[in-house]
Amino acid sequence: MDLLKLDALDNDDLEVVSAHLQDAVVKIADIKWRPAEKRVIVALNRFDWEAAHGTRPEFRRRLSALRFERVTACKCRNCSNCEDGKTQLLNLLAVSFEPTDLPAGVVTLTFSGGAALRLEVECLEAELADLGPSWAAEACPVHVVDVEAIEASKQG
């Protein structure tokens with residue numbers, strides 16, 4: 001079992017983390033903002049893209065944690081706050097960093113359906129870590145762009 005553990009201290013590092021997290025599934029209840037500690041922790045089920053594109057492709061997911069340090073503000077958009085919303089599932093599309101007054105900036109976790117989590121950070125300090133074994137996934141995530149490319153290749 002190869003457990004992934006990545007640190008992100010700059011935008012290039014965060015792009016690698018983002019690639020590993022594409023199509024991760026997150027429950028709103030599993031997003032923890034700890035203002036006194038200046039920390040945000042997100043538990044997620046990430047799709048294992050390395051296994052899907054290996055020599056013997058396997059579709060699987062892994063329980064992982066994404067942690068951000070030095071967070072001064074945490075805001076969400078299009079995420080339910082009510083008790084029923086705590087079980088709402090979000091599909092993570094990307095994680096990005098936009099500098100404001102270096103080394104400070106804004107980290108954005110973009111989810112499908114227009115949901116987003118916006119973290120104001122003193123500097124970029126993040127970690128992605130797998131927490132245990134993987135399990136079989138029903139299918140490989142497919143995006144509209146992928147479907148359009150497949151259809152175009154069939155036509156010509």
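Predicted model: local features only at pLDDT ≥ 70, side-chain atom pairs only at ≥ 80, totals over all residues.
The protein has 156 residues, of which 38% count as buried, and its secondary structure consists of three helices and ten strands. Read along the sequence, these elements follow the pattern β-α-β-β-β-α-β-β-β-β-β-β-α. Of the contacts in the protein with a separation of 6 or more, 64% are between residues 24 or more positions apart. The protein exposes about 9,100 Å², and carbon and sulfur atoms supply 51% of that area.

The strand pairings can be followed with β10, residues 126-136, as a guide. Strand β1, residues 5-8, runs antiparallel to β10 and is joined to it by four bridges, with Lys5 standing opposite Ala129. Strand β5, residues 60-69, also runs antiparallel to β10, here with eight bridges between the two, and Arg61 stands opposite Trp135 in this pairing. Another antiparallel pair is formed by β3, residues 31-34, and β4, which are held over four bridges; in this pair Ile31 has Val42 of β4 as its bridge partner. Four residues lie between the strands of the hairpin of β3 and β4, and in this hairpin Lys38 takes a positive phi near 55°.

Ser64 gives a view of how these strands meet. This residue lies in strand β5 and is buried, with a relative accessible area of 0%. Leaving out residues up to four places away in sequence, Ser64 touches Val42, Ala43, Leu44 and Arg46, and also Leu128, Ala129, Asp130 and Leu131.

In soluble globular proteins, nonpolar side chains tend to be buried together. In this model the largest nonpolar core has 31 residues, and those with the most contacts inside it are Leu21, Leu66, Phe68, Val107, Leu109 and Leu119. The elements that give two or more residues to this core are β1, α1, β4, β5, β7, β8, β9 and β10, and the largest share, four residues, comes from β7.

An α-helix has 3.6 residues a turn, so residues three or four places apart point the same way.

Side chains of opposite charge can pair when their charged atoms come close. With a cut-off of 4 Å between a side-chain nitrogen of Lys or Arg and a carboxyl oxygen of Asp or Glu, the count comes to 14 salt bridges. One of them joins Lys5 to Glu127, with the closest N and O atoms 3.5 Å apart. Lys5 lies in β1 and Glu127 in β10, so this pair ties together parts that are 122 residues apart in sequence.

A second salt bridge links Asp130 with Arg46, where the closest N and O atoms are 2.9 Å apart. Asp130 lies in β10 and Arg46 in β4, residues 39-47, so this pair ties together parts that are 84 residues apart in sequence. Here Asp130 counts as buried at 7% relative accessibility, and Arg46 is buried too, with a relative accessible area of 2%. Glu58, which is partly exposed at 42%, forms a salt bridge with Arg60, the closest N and O atoms being 3.9 Å apart. Salt bridges that share partners also join Lys5, Glu37, Arg39, Arg67, Glu69 and Glu127 into one network.

Terms used:
Residues numbered from 1 in each chain as written. Heavy atoms only, no water. Buried < 20%, exposed > 50% of the residue type's maximum accessible area, 1.4 Å probe, protein only. Pairing = 2+ DSSP bridges. Contact = heavy atoms within 4.5 Å. Areas by Shrake-Rupley, 256 points an atom, 1.4 Å probe, with all protein chains shown as cover. Core = buried A, V, L, I, M, F, W, Y, C linked by side-chain atoms within 4.5 Å.
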